[in-house]
Amino acid sequence: MKERLSDGLYGAGWATVKKLPEPVAAGLGRRIADLTWKRRGKSVLRLEANLARVVPDATPERLAELSKAGMRSYMRYWMESFRLPTWDKERVERGVDIKDAHYLKEGLAAGRGVVLALPHLANWDLAGVWVTRALGVPFTTVAERLKPETLYDRFVAYRESLGMEVLPHTGGSAFGTLARRLRAGGLVCLVADRDLSASGTEVTFFGDTARMPAGPAILAQQTGALLLPVTLWYDGTSVMQGRIHPPVDVPESGTRAEKTSVMTQALADAFASGIADHPEDWHMLQRLWLSDLDERPEPVAGAETAGAERDGERGA
């Protein structure tokens with residue numbers, strides 16, 4: 001029943017929100033965010049706990065302000081995402097400002113594959129649309145298989161309509177396909193700030209240990225692709241800002257595991273810099289640090305379904 005309800009709610013969002021005038025959709029998102037924040041449910045409390053690590057000197061009042069702003073940022077993500085299929089190239093260009101994009105453009109122009117690795121900051125789907133529509137560059141990503149299957153199909157169809165090639169995270173074939181795309185000089189985009197599987201690479205993140213996906217670093221090692229961290233944020237206007245950070249180089253020596261550890265830590269450091277600057281735009285509503293985990297990861301439900309789906313993109 002819960003799965004069918006989630007599928008129905010997302011379907012209603014895509015069908016209804018994209019028809020609303022933009023100011024109306026934005027206002028609706030803020031109202032939903034504020035109501036959710038006032039209810040102080042598990043997601044809001046987890047967000048505040050995560051933000052307490054990012055801003056360790058924050059007072060309880062400051063954490064409450066940040067979590068309220070964080071829920072508004074999270075709902076802005078959803079309101080924008082429901083509307084993205086209706087955005088043309090001009091609207092995307094007006095709504096996104098990416099700094100240091102030359103790293104991406106030069107890497108692609110050189111015929112070298114590029115891996116863009118992002119955390120859950122602001123709207124990574126909008127960043128993807130900026131790549132496909134403003135730059136005219138297709139890319140490949142991966143997605144977790146959601147339940148019910150109809151919800152997974154909605155997400156795949158949605159992202160494919162935006163010009164993305166979406167591979168299922170399960171099944172074992174995604175990595176090989178990503179590697180082929182990169183060896184052909186293509187672009188791969190992966191959301192890469194959370195991986196609770198046994199294959200995740202341990203990193204130091206805001207002073208404690210977390211796991212992040214090894215995939216971006218391993219793909220760069222095996223294919224020679226350029227590995228570029230990306231951070232995003234909202235600036236209080238209708239424009240989403242972003243920055244493409246300098247490449248993460250493959251170490252000259254060490255085993256594959258050692259190189260992967262060094263590279264993944266470099267990604268974590270780049271992510272941390274962006275999250276520290278804009279903590280209210282980090283949509284991490286689940287446990288991340290190993291010291292916060294129970295024996296079993298907390299279940300994903302309701303609004304967090306999307307977070308689980310985006311986790312699968314990190315092998316975005």
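Student: Is Arg46 buried or exposed?
Tutor: Arg46 is buried, at a relative accessible area of 14%. Buried means under 20% relative accessible area, exposed means over 50%, and partly exposed is in between (1.4 Å probe, protein chains only). This is a predicted model, so local features need pLDDT of at least 70 and side-chain atom pairs count only at pLDDT 80 or more, while totals for chains, interfaces and linings use all residues. Residues are numbered from 1 along each chain as its sequence is written, and side-chain values use heavy atoms, with hydrogens and water left out.

Student: What does Arg46 form a salt bridge with?
Tutor: The partner is Asp292, and the closest N and O atoms are 3.6 Å apart. A salt bridge here is a side-chain nitrogen of Lys or Arg within 4 Å of a carboxyl oxygen of Asp or Glu. Arg46 lies in helix H3 (residues 42-54) and Asp292 in the loop between helix H11 (256-277) and helix H12 (305-311), so the pair ties together parts 246 residues apart in sequence. Helices (H or I, at least four residues) and strands (E, at least two) are DSSP runs, numbered from the N terminus.

Student: Switching to aromatics. How many pairs?
Tutor: Rings of Phe, Tyr and Trp (its six-membered ring) pair if their centres lie within 6.5 Å; planes under 30 degrees apart count as stacked, over 60 as edge-to-face and the rest as tilted. By that rule there are eight aromatic pairs. For Trp78 and Phe82 the ring centres are 5.6 Å apart and the planes are at 35 degrees, so this pair is tilted. Both residues lie in helix H4 (residues 60-83), four residues apart, about one turn, and both Trp78 and Phe82 are buried.

Student: What about Phe205 and Phe206, how do their planes sit?
Tutor: Phe205 and Phe206 form an edge-to-face pair, 4.9 Å centre to centre with 75 degrees between the planes. Phe205 is buried at 0% relative accessible area, whereas Phe206 is partly exposed at 24%. Phe206 lies in the loop between strand S6 (201-205) and S7 and has a positive phi of about 50 degrees although it is not a glycine.

Student: Which residues end up in a ring cluster?
Tutor: Tyr74, Tyr77, Trp78, Phe82 and Trp124 are linked into a cluster by ring pairs.

Student: Trp124 is in H7, then. How many residues of that helix are buried?
Tutor: Ten of the eleven residues in H7 (residues 124-134) are buried, among them Trp124, Asp125 and Trp130. After H7 comes Gly136, with a positive phi near 70 degrees.

Student: Last topic, the core. How many residues are in the largest one?
Tutor: The largest nonpolar core has 89 residues. Such a core is a set of buried Ala, Val, Leu, Ile, Met, Phe, Trp, Tyr and Cys residues joined through side-chain atoms within 4.5 Å. Residues with the most contacts inside this core include Leu116, Trp130 and Phe205. H4 gives the largest share of the core, nine residues.

Student: What does Leu116 contact?
Tutor: Leaving aside neighbours within four places in sequence, Leu116 is in contact (heavy atoms within 4.5 Å) with Leu104, Leu187, Val188, Cys189, Leu190, Leu228 and Val230.
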